[in-house]
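User: Hi! I have a structure open here and would like to talk it through with you. Could we begin with where the chains meet?

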Amino acid sequence: MATGKPVGPVLRMSDDADAIIAAIVDDNPGQEVTVVDRGAYTRVSGDGELRVTRASIERHLGRGFEMRQLGGMMSAFAGRIEMTSEAVRWLLKGQESRETA
Amino acid sequence: MARMAREKWHDIARDVDWDLSYVDYEAVFPEWMSGQGKIPRDAWARWDEPYKVTYPEYVATQREKETGAYSVKAVLQKSRVFDQLDEGWKSVAKEHFGAVALVEDLAVYAELRMARFGLSPAWRNMAVLGALDETRHTQISLYFAHELLGKDPQYDWAHKAFRTNQWAAIAARATFDGMMMNPNVVDVAVQLPFTFETGFTNVQFVALAADALESGDINFANMISSIQTDEARHSQQGGPTLEILIEHDPRRAQWIIDKTFWASARLFSVLTGPAMDYYTPLPMRKQSYKEFMQEWVAGQFVDQLRDYGLKKPWYWDEFMAGLDTWHHSMHLGVWYWRPTVWWNPQGGVSPEERDWLHDKYPRWEEQFGPIWDVIIGNVNNGRMELTLPQTMPWLCNLCHLPIGTAGSPRNEKYPVRSYPLTYNGRAYHFCSRPCRQIWWEDRDTLHDPTVIERLLGGQIQPPTVEGILTWMGLTPDVRGDDAYGYQWARSYEGSTTKTRPFVTEAVAPSQPAADGLPVPVNAMFADDLITQLVVLLDSDTVDEAARKVAAQVVGRRVPPREAGLVVRLDGRVLPGDITVAESGISPMGVVNVGWAE
């Protein structure tokens, strides 16, 4: 993985996965978004923080979308999550470990 | 209908709580269940889950998930997809169903304990959804397996395994009781949702789905990845609890993560490791077990730990080194003791598969190849009795897995050996230093005897391999055998291995033999992969004792040699002509046997 602190969703196989990924790319301009497809799951990663909005997902799907529906597609995620009805963020808060390494 | 946005009302609704006036707070939230410890009561007011879901949203989403999983199943039921699946792959599913279905049920109670004793209303609310999730997981796992019962009685173990005394079931119960049922709910939240469900279940439920789909088991891939979407949500109970705990008691937080991570890693080396690197057909493997563990656990979970300001566990190097060996030892042990499992382990060591293993694990051939070569020779020479056990591996008092499997043969740093401990006059044995240390810290809550202790205590009668299998609940129709009828060994035909069989009937004598008292020992033979139970007599000479230990290993897993045997006790060589009674070998002690140089 090219990023230092990879965060982002792991999407299970579904018809809508491509639209979600396209929406994530749209919503994170200037971010390098890495997509690793392992068949049954696709790992989408950005460095430190990634977000996606309901508006972008609806634009790519061409129909209405409720943010809760992302819950049925996301088998896991890297980092922490913050979820509202309009947007989801995956992030690391970047506390430094007490470890000296 | 326009609805008020969730953000405008949900936090208020879920924080509704009441002040107790008829009963004491301590009576409602007793310390031993709620686990407040050093955390002040008002600290819980800031508990805030990051993955917000309302009940109506929950119901709508779960309905969609269930519809998706069951409609795929309904379609596939009409097809011949299942009949075309690889036998090795089917064993992955059988192992999963038996090992997981009723652990999901146990998790219902863990969630309900948090829903009752959690110290914040927001947390209790989320745990209710968690309990509903785990109910779904239990039901879907039992239901999907039940449909296959007509095709193969081993699927019956989806429902049966966890209620039996089969050794892996005992190991799973010990670990999961320690994670879900014994601790207070603060510890449960850090152990189960934070450590286990964000660290490990991803490997079994998401990573394994990649192998499942590639192997053509669409139904299974769909089921497990659907289950994990629930885990991704309810596992978020861990973070907010952990944040509060770290603020007030960071040592406790670090310790419960460390011990849970280790116990989970030990269990996954038998559950997931062999499934990915041996049972999944070679062309279908997306990555090796080590690579999946690096992706999901070593990478993703450790980033998370650091983000919370925690350290990697103290045994980190040992865990990472174990990714090269543990599951290979476990696979070899499971295959050798195959009648003791409810699935058919695929040997998975044809020449092509060995090339793959060698490529992924550069020391595999050196460490495990010689043992497989002895087994292959026996299979091809029709000496099947030498490929089947006549005694049991010695089991770890913490993880209940065979001693030796936290190391490997020809491994300088982590060799095959027992880490013993005498406490209150009793001998305990451990597979590793971390298991011994965790046991020491938690010893007041750990009272599960191992199968070996139950056998020596006379609870298993008759004390023979057949008696043990029956006691474990393994009826002859479900006992494991090689998934492909040993076909993989045929490609080696022509190679021969000399065999030198020794036959012993009982694993442990039910009564003292006339000429001596039984001395059960934890015996290790040089270059073998595990230590095992061998019952000596105190009247045996040390030479006779050496032969009894060799009989369980030489010609079975270690090639015979034209050399004498020596017995070592605490590092010194014992004279061969003295008796066991005179030698200092003690019941439940460690005995090392090897070749005289």
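Analyst: Happy to! This is a predicted model. In it, the contact draws 30 residues from chain A and 36 residues from chain B.

User: Which strands of chain A each supply at least two residues to the side that touches chain B?

Analyst: Those are β1 (6-12), β5 (74-78) and β6 (80-83) of chain A. The one that gives the most is β5(A), with five residues.

User: Switching to chain B, what domains does the assignment give?

Analyst: Domain 1 covers 55-290 and domain 2 covers 518-595. Their centres, taken over C-alpha atoms, are 42 Å apart.

User: I'm also looking at α9(B) and α12(B). At what angle do they pack?

Analyst: Helix α9 (residues 185-214) and helix α12 (residues 250-271) of chain B pack at about 35 degrees, and their axes are 9 Å apart. The crossing is right-handed.

User: Which residues make that contact?

Analyst: From α9(B), they include B:Val190, B:Phe196, B:Phe200 and B:Val203. Among those from α12(B) are B:Ile256, B:Ile257, B:Phe261 and B:Phe268. The residues of this contact divide into 10 nonpolar, six polar and one charged.

User: Is α12(B) mostly covered or exposed?

Analyst: Mostly covered: 18 of the 22 residues in α12(B) are buried.

User: How far does α12(B) reach from its first C-alpha to its last?

Analyst: α12(B) reaches 31 Å, close to the 32 Å expected at 1.5 Å a residue.

Notes: Residues are numbered from 1 along each chain as its sequence is written. Chains are lettered from A and ligands numbered from 1 in the order in which they are written. This is a predicted model: local features need pLDDT of at least 70, side-chain atom pairs count only at pLDDT 80 or more; totals for chains, interfaces and linings use all residues. Domain bounds come from an automatic or database domain assignment. Axes are lines fitted to C-alpha atoms, for helices over the stretch in contact, and angles run from 0 to 180 degrees between N-to-C directions. Helices (H or I, at least four residues) and strands (E, at least two) are DSSP runs, numbered from the N terminus. A crossing is left-handed if the near helix is turned anticlockwise from the far one by less than a right angle, and right-handed if clockwise. Two residues are in contact if their C-beta atoms, placed from the backbone, lie within 7 Å. Ala, Val, Leu, Ile, Met, Phe, Trp, Tyr, Cys and Pro count as nonpolar, Asp, Glu, Lys and Arg as charged, and the others, Gly among them, as polar. The expected span of a helix is 1.5 Å times one less than its number of residues. A residue is buried if 20 or more other C-beta atoms lie within 10 Å of its own, exposed if 12 or fewer, and partly exposed in between; C-beta atoms are placed from the backbone.
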